[in-house]
Amino acid sequence: MIFITTFTKEIYQICGKSLLESFINTNNHKKHQLYVFFENEDDLHTEYYPEWLVEWSDKPYFTFVNLMNYEYDSKIIIPFVDELLRSKIKHTGEYSSPRSVKWFRPVAAIHYFYELMGNTNFSSIDADCLFTEEVSDSFFESMLEGYNVAFLGREKFNIMRHGGYAPDGSYVHTNTVPATDADRHTETGYIGFNFDMPGTDSFIERNFNYWLSEDVLNLEWKTDCHTFDATRKELVDLKYNNLCEPMGEVSPIGSRVIEASVLGSWFIHHKGTIGPVLYSKNKL
């Protein structure tokens, strides 16, 4: 399996380095590859490794690609979308503000990888995830067989169990509340794409074009999670494996759906590692 993710220097320092280390420490580097699409804010269009990634440059199982150099339809697409949308998105909350353009980065990385590699199966993961065990290719073959996309859809959750860290460092249940529409979007910390099924390319194209066409402006919330869900609801003829389906109507504690799904046998997601830090610094 090929995994892809996105880094800035700050994300790398907060959690990205740990992700790379976990990939090696669990021996996943022996069978799999990891592509990092980076944004180097000190030199946006560099053709070289940023100094903060140089230590990994001799590792053949890691590939680093400057996302800010992605050219699509004769446009450098990240600054193009930033300029196109930033002034048009009103601030109505965490999921909709001029900073929502930052959520286009993982969507663009998925599209860029597809352009680079063609019909190659891959998994998109968040930078605040960690590999905890070695995983075999047969796991992905079984999970994706007969499906275009494997995802973590929370739309059926009616009860949310919130969580927090106890003094001893354990993650515990803190309170239970009714779910709202704002809770039910897909968790895009993991998405698997299967090109053995026809139409997977159409999903990637439509999700990408939600941003370029400005259709994202018609959504109540403007994140990669919400354009993913809008695309899924449009392309109803594709086959989707919702890994949250066995969880029923009650969320796992802290909505840690990766750990509660079949992915949890080899993967964890430290939700809340990146967002609150970057949001407080006006970077998300």
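**Figure 1. Ser261 in the loop between helix 7 (257-260) and strand 13 (267-269).** The model shown here and in the other views is predicted. The relative accessibility of Ser261 is 10%, so the residue counts as buried, the limit being under 20%. Apart from residues up to four places away in sequence, Ser261 touches Leu152, Leu243 and Met247.

**Figure 2. Tyr190 in strand 11 (residues 187-193).** Tyr190 has a relative accessibility of 0% and therefore counts as buried. Gln33 is 157 residues from Tyr190 in sequence, and the two C-alpha atoms are 16 Å apart.

**Figure 3. Ser97 in the loop between helix 2 (77-85) and helix 3 (104-117).** With a relative accessibility of 2%, Ser97 counts as buried. Ser97 touches Ile89, Lys90 and His91, residues up to four places away in sequence being left out. Trp221 is 124 residues from Ser97 along the chain, with 8.9 Å between the C-alpha atoms of the two.

**Figure 4. The kink in helix 1 (residues 9-25).** The helix bends by about 60°, and the kink is centred on Cys15. Cys15 is itself buried. An α-helix has 3.6 residues a turn, so residues three or four places apart point the same way. Just beyond the end of helix 1, Asn27 has a positive phi of about 70°.

**Figure 5. Asp73 in the loop between strand 4 (71-72) and strand 5 (75-76).** Asp73 is not a glycine, yet its phi is positive, near 55°. Which class of exposure does Asp73 fall into? The relative accessible area of Asp73 is 54%, so the residue is exposed, the limit being over 50%.

**Figure 6. Glu214 in the loop between helix 5 (200-212) and helix 6 (224-234).** Glu214 also takes a positive phi without being a glycine, at about 70°. Its relative accessibility is 25%, so Glu214 counts as partly exposed.

**Figure 7. The whole protein chain, as context for the close-up views.** The secondary structure of the chain comprises eight helices and 13 strands. The radius of gyration is 18 Å, close to the 19 Å that the globule rule gives for 284 residues, so the chain is as compact as a globular protein of that length. The C-alpha trace spans about 50 × 45 × 45 Å along its principal axes. Of the 284 residues, 52% are buried. Among contacts with a separation of 6 or more, 75% are between residues 24 or more positions apart. The chain exposes about 12,800 Å², of which carbon and sulfur atoms supply 49%. There are 25 positive and 41 negative side chains, and 5 Å separates the centres of the two sets.

How values were computed: Residues numbered from 1 in each chain as written. Predicted model: local features only at pLDDT ≥ 70, side-chain atom pairs only at ≥ 80, totals over all residues. Heavy atoms only, no water. Helix = DSSP H or I, 4+ residues; strand = E, 2+ residues; numbered from the N terminus. Rg over C-alpha atoms; globule rule 2.2 N^0.38 Å. Buried < 20%, exposed > 50% of the residue type's maximum accessible area, 1.4 Å probe, protein only. Contact = heavy atoms within 4.5 Å. Areas by Shrake-Rupley, 256 points an atom, 1.4 Å probe, with all protein chains shown as cover. Lys, Arg positive; Asp, Glu negative; His and termini not counted. Charge placed at Lys NZ, Arg CZ, Asp CG, Glu CD. Bend = angle between axes of the 7 residues up to and from the residue.
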